[in-house]
Amino acid sequence: MASAETAAEHERILREIESTDTNCIGPTLRSVYDGQEHGLFMDKLEGRIRNHDREIEKMCNHHFQGFVDSITELLKVRGEAQKLKCQVTETNQKLQNDGKEVCLLTSMDELRQCRLQQRNIATTIDKLTHCLPGTNIGPSKVQKKYYPALRTLEQLEESCLPQAGSYRFCGIMSENIPRLRTHIRDVSMSDLKDFLESIRKHSDKIGETAMKQCCSSVQVMCLSLTHIILQIPGAQDLVDFSPVYRCLHIYTVLGARDTFENYYRKQRRKQARLVLQPHSNMHETLEGYRRYFNQIVGFFVVEDHILHTTQGLVNRAYVEELWELALSKTIAALRTHSVFAFICFLFLTEMDIIHPLSSPVSLQGYGFPVNQLFDMLLEMRDQYGEILLKKWNQSFRQILDQDNYSPIPVASPEEYQRIAGQFPFQDPELDKMPFPKKLPFSEFVPKVYSQLKEFIYACLKYSEDLHLSSTEIDDMIRKSTNLLLTRTLSHCLQYAIKKKNVGLAELVQIIINTTHLEQSCHYLEEFISNITNVPPDTINATKLYGTSTFKDARHAAEEEIYTNLNQKIDQFLQLADYDWTAAQGGAQASDYLSDLIAFLCSTFAVFTHLPGKVAQTACMSACKHLSTSLLQLLLEGDVRQVSMGALQQFNVDVKECERFARAGPVPGFQGDTLLLAFIDLRQLLDLFTQWDWSTYLADYGRPTCKYLRVNPQTALTLLEKMKDTSRKNNMFAQFRKNERDKQKLIDTVVKQLRNLIATNQA
């Protein structure tokens, strides 16, 4: 039986070897060598090999005769192929010999065709020579050269095309010449329209540059406006007059110069009316009036240039017509709109072109009555002041936005003197320190002080030659300066204090800066007195409100510091993670509280340059807020139970706060004054950790009570949370007698506290 199974297994292995890929035979052969019949399997394998050899031999014998027959036929085909090759070679040689005669005939025909082409080419060259003047004219030759193009078209029409002959393309070109003239005229007119639009856009810039050139030298006033525009740097970059000259020449060649002149003058009259029409919002800013007058001057600069550089396009009568139009508009405005007249005078005086009474080129020279203008200027002081306030508001905002809110580093005596020249600062202790050193205030202090002086100069400039007394000028300047201080500068400082992302360091620097600006107010008083020659102690003299302005800003910054400190403390408290059911407290303060104390220490170190009262108030406020927040954290509704271990950990954290307060983070506190911020927490925790209820209940209400700051309701709330912890433990009944007594004591104290609260409410 075993022999039959072995034979069957060997048969299966042989079939698997015959049908399986060579790479997969390994496992099969391994099974043979693992067995005991290795020799028997080898005999069986050799027998199987002999069987396959016999089958292969039979198959080869069966197909051998067919292979022999195929070889025999292939030998016969080779002989026939050799004969065919010889026949093809003989045929090719015969064809080569016969084709020589045909090639000779073909070459002669090609020569004849070549001679004919040469004759035709010569004839064509002769004809094209007469047509070249016309065919050479194309877009590449006349692009943006319209006037030469017109001359070329005239030459083409009169000489070139008649010489070329009556070809079809000549007729087509003759028909297109009028259309080309029309196209050139239209394109040049389009360029002219672009030119008119360009000068309309750039007239204010041209006028501004021309006015500055007029102011730069008295001799320039004697030159024509043509010379002025030629002296303007970059004027030709702003205005390209070539479209005007080009269009004028084209219309002249086409015989339509009158049409062009009428069109140009009509369009410029329209632009003149637009330029002379004041904008609706022009009165809001001084820049609006400046731009308006610049446009008027720029308009006449361009027209005067055209007058002197073209022959008859515009004449003196046309320019005078426009000038009369401008004068009529301006005079009407002067007579009916006092604001317009005021700004006109202001603009001209600011540009130093005219100055009433004192300048040789005065308003009387232009035929205007100055007495009424003086009266009007006195009435317009408030509006002028508003314009100045808007301008200085932008200056203050820019100074505050660009300031780095850091003390100014001074590396040399020259730099120190430069800053001292901008801002009156005196500090004997700082003077003794070697260079480099730092001034306590930041850059915006000397900049703001300089801007205040510039504003005073601007007010003084307005009042010059208005027949005002020194007292009136002094009063006007002081009132305007007070508006600048109490409204403009105050609002800017409030904006800088209240804007987002203002850090404590920036607020501290603002307090330091406003302190120094407040101390400089008496220097401003002296400055005004010096330029108006009015003593500051004059009766009824207006006093500057700078001190109150800077005090208000400083108080706002102080309140913002207190608010920011409290917000930072709240952010740290959000990280608190007490285990209110802990069985035992830790020996060290919580991580969040250690980080908070480190933050407060570093913050109060920055307060060294602040006034002592500010730093002390900030420190006391922060400690009170921390104490109140910790108490709220202990009593909040989400905390339903508090174990004695959790209370011990909380007590460790409060001791860390008291250690911080006792260390004196800010100098100036007497004794343990800062510790009073945590007195409520300390008495409450002592009451619970020492379990001194008998003393509390016996002495409650007495001024000398040990736990005077412990509110009964607060104690009851915390005690009920500890009572819940004891009940949920469910183990008091099984513990020692003292634990059961403690639970009874808690119940007794709770009842007494409730009675005490009810008595107080009654």
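Visitor: Which residues does F688 touch, not counting residues up to four places away in sequence?
Guide: M644, L647, W693, A715, L718, L719 and M722. Contact here means heavy atoms within 4.5 Å.

Visitor: What kind of model is this?
Guide: It is a predicted model, in which local features need pLDDT of at least 70, side-chain atom pairs count only at pLDDT 80 or more, and totals for chains, interfaces and linings use all residues. Residues are numbered from 1 along each chain as its sequence is written, and side-chain values use heavy atoms, with hydrogens and water left out.

Visitor: What does the chain average in pLDDT?
Guide: The average is 77, and 80% of the residues score at least 70. pLDDT is the predictor's confidence in each residue, from 0 to 100. Over residues 217–230 the value stays under 50; the model has 23 contacts beyond four places in sequence for that stretch. Residues 730–734 are also below 50, with 5 contacts beyond near neighbours in sequence.

Visitor: What makes a set of residues a nonpolar core?
Guide: The members are buried Ala, Val, Leu, Ile, Met, Phe, Trp, Tyr and Cys residues, joined through side-chain atoms within 4.5 Å. The largest such core has 119 residues, and I561, L565, F688 and W693 have the most contacts inside it. A second, separate core has 33 residues, including L196 and F260.

Visitor: Why is E261 called buried?
Guide: Buried means under 20% relative accessible area, exposed means over 50%, and partly exposed lies in between (1.4 Å probe, protein chains only). E261 has 12%, so it counts as buried. This residue is found in helix α10, residues 257–276. Helices are DSSP runs of H or I with at least four residues, strands are runs of E with at least two, and both are numbered from the N terminus. Leaving out residues up to four places away in sequence, E261 touches G312 and L313.

Visitor: How do you know that A582 is buried?
Guide: Its relative accessible area is 15%, so A582 falls under the cut-off. A582 sits in the loop between α22 (546–573) and α23 (591–606). Outside four places in sequence, A582 is in contact with S643, G645 and A646. The C-alpha atoms of A582 and M644 are 7.7 Å apart, although 62 residues separate the two along the chain.

Visitor: What is the phi of Y405?
Guide: It is near 55 degrees, a positive value in a residue other than glycine. Most residues other than glycine have a negative phi. Y405 lies in the loop between α15 and β1 (409–410). With a relative accessible area of 11%, Y405 is therefore buried. W691 also has a positive phi, about 55 degrees, and is not a glycine. The place of W691 is the loop between α26 (679–690) and α27 (693–699).

Visitor: Which residues does a cis peptide bond join?
Guide: F435 and P436, with omega about -5 degrees. Most peptide bonds are trans. P436 is in the loop between α17 (428–432) and β2 (437–438).

Visitor: At what angle do α15 and α19 pack?
Guide: About 35 degrees, with the axes of α15 (residues 381–402) and α19 (residues 470–498) 9 Å apart. Axes are lines fitted to C-alpha atoms, for helices over the stretch in contact; angles run from 0 to 180 degrees between N-to-C directions. The contact involves, among others, W392 and F396 of α15 and L484 and Y495 of α19.
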